[in-house]
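Subject: Structure handover

Hello,

Here is the structure for you to take over. My notes on what was found in it follow below.

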Amino acid sequence: MAEQERMIEAILFAAPDPVTVRELEARMPHGCDAAEALVHLRRRYEGRGVQLCRVGDGYVMRTAPDLGFLMERETTETRKLSRAAIETLAIIAYHQPVTRAEIEEIRGVAVSRGTVDQLLELEWIRFGRRRMTPGRPVTFVVTDTFLAHFGLETPRDLPGLKELRAAGLLDSRLPPMSMPGAKSEDDEDELPLEEGDQSELFEE
């Protein structure tokens with residue numbers, strides 16, 4: 001019986017999913033009693049860091065519930081923003097408070113709901129006050145979470161157009177009007193969108 005316990009122990013440790021009694025007996029030598037061996041093995045693991053657990057019709061080795069905290073690990077998930085989200089975020093940051101219609105006017109294309117929802121989910125933007133204009137459209141502003149992520153105290157600390165280009169952080173094809181100081185920058189630095197670029201850059 002001790003040898004049967006060892007065989008079951010080896011099978012369960014290597015199995016990615018719960019293993020049934022029938023599957024155990026099919027792997028073990030003829031004449032073995034997997035069910036009885038499981039009873040003995042379960043007793044042997046009582047109170048230990050790893051336990052023999054039954055899941056449905058199968059059996060699996062699992063960490064003791066009270067030691068689950070030792071297996072926890074915090075990870076940082078990297079989420080890459082789409083070009084549409086980056087442009088929308090830049091427009092909100094530099095032109096806040098800004099409405100959806102104003103964002104679309106600057107970008108030249110419609111802003112999808114998914115783009116705004118993604119920025120709201122990241123808590124980088126939030127709803128601002130409604131404009132006192134027909135329809136009372138809602139405005140968008142950046143949040144303290146956005147400022148903290150980029151090491152800024154206030155939106156006024158955002159870099160200007162020249163600084164972004166000097167650092168190589170501004171794509172020359174980004175709509176110039178989406179950034180501050182665009183009208184005052186040298187005209188030769190502002191590259192207009194070429195035909196065919198818009199569908200590529202603003203794909204939602």
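Two strands are taken to pair if DSSP finds at least two bridges between them. With that in mind, in this predicted model V19 has Y59 in β3 as its bridge partner. T20, in turn, stands opposite G58 in β3. Two bridges join β1 to strand β3 (residues 58-63), and these strands run antiparallel.

First sheet

β3 is also joined to β2, by six bridges, and this pair runs antiparallel too. One of the pairings puts C53 with V60 of β3 as its bridge partner. The hairpin of β2 and β3 has two residues between the strands, and G56 takes a positive phi near 65 degrees there. Taken together, the three strands make an open sheet in the order β1-β3-β2 with antiparallel pairing. β1 (19-20) and β2 (50-55) stand at the edges with a single partner strand each, so one side of each has no neighbour in the sheet.

α1 lies across β1, β2 and β3, and runs at about 75 degrees to β3. α3 lies across β2 and β3, running at about 140 degrees to β2.

On the α1 side the contact is made by Q4, E5, I8, E9 and L12. On the α3 side the residues are A34, A37, L38, H40, L41 and R44. By class, the contact of α1 with α3 has six nonpolar, two polar and three charged residues.

β4 pairs with strand β6 (residues 138-142) over two bridges, in the antiparallel sense. Within that region, T99 stands opposite T139 in β6.

T88

One residue is listed separately. T88 is found in helix α4 (residues 83-95). Is T88 buried or exposed? Its relative accessibility is 0%, so T88 counts as buried, the cut-off for buried being under 20%. A polar atom of the T88 side chain lies 2.8 Å from the backbone oxygen of A84. Leaving aside neighbours within four places in sequence, T88 is in contact with I103, R107, V111, T115 and L119.

For your own checks, the items to look at are the α1 and α3 contact, the β2 and β3 hairpin with G56, and the surroundings of T88.

Regards

Note on methods: Residues are numbered from 1 along each chain as its sequence is written. This is a predicted model: local features need pLDDT of at least 70, side-chain atom pairs count only at pLDDT 80 or more; totals for chains, interfaces and linings use all residues. Side-chain values use heavy atoms; hydrogens and water are left out. Contact means heavy atoms within 4.5 Å. Helices (H or I, at least four residues) and strands (E, at least two) are DSSP runs, numbered from the N terminus. Ala, Val, Leu, Ile, Met, Phe, Trp, Tyr, Cys and Pro count as nonpolar, Asp, Glu, Lys and Arg as charged, and the others, Gly among them, as polar. Axes are lines fitted to C-alpha atoms, for helices over the stretch in contact, and angles run from 0 to 180 degrees between N-to-C directions. Buried means under 20% relative accessible area, exposed over 50%, partly exposed in between (1.4 Å probe, protein chains only). A polar contact is a pair of N or O atoms within 3.5 Å; within protein, one must be able to donate a hydrogen and the other to accept it, and residues adjacent in sequence count only if both atoms are side-chain atoms.
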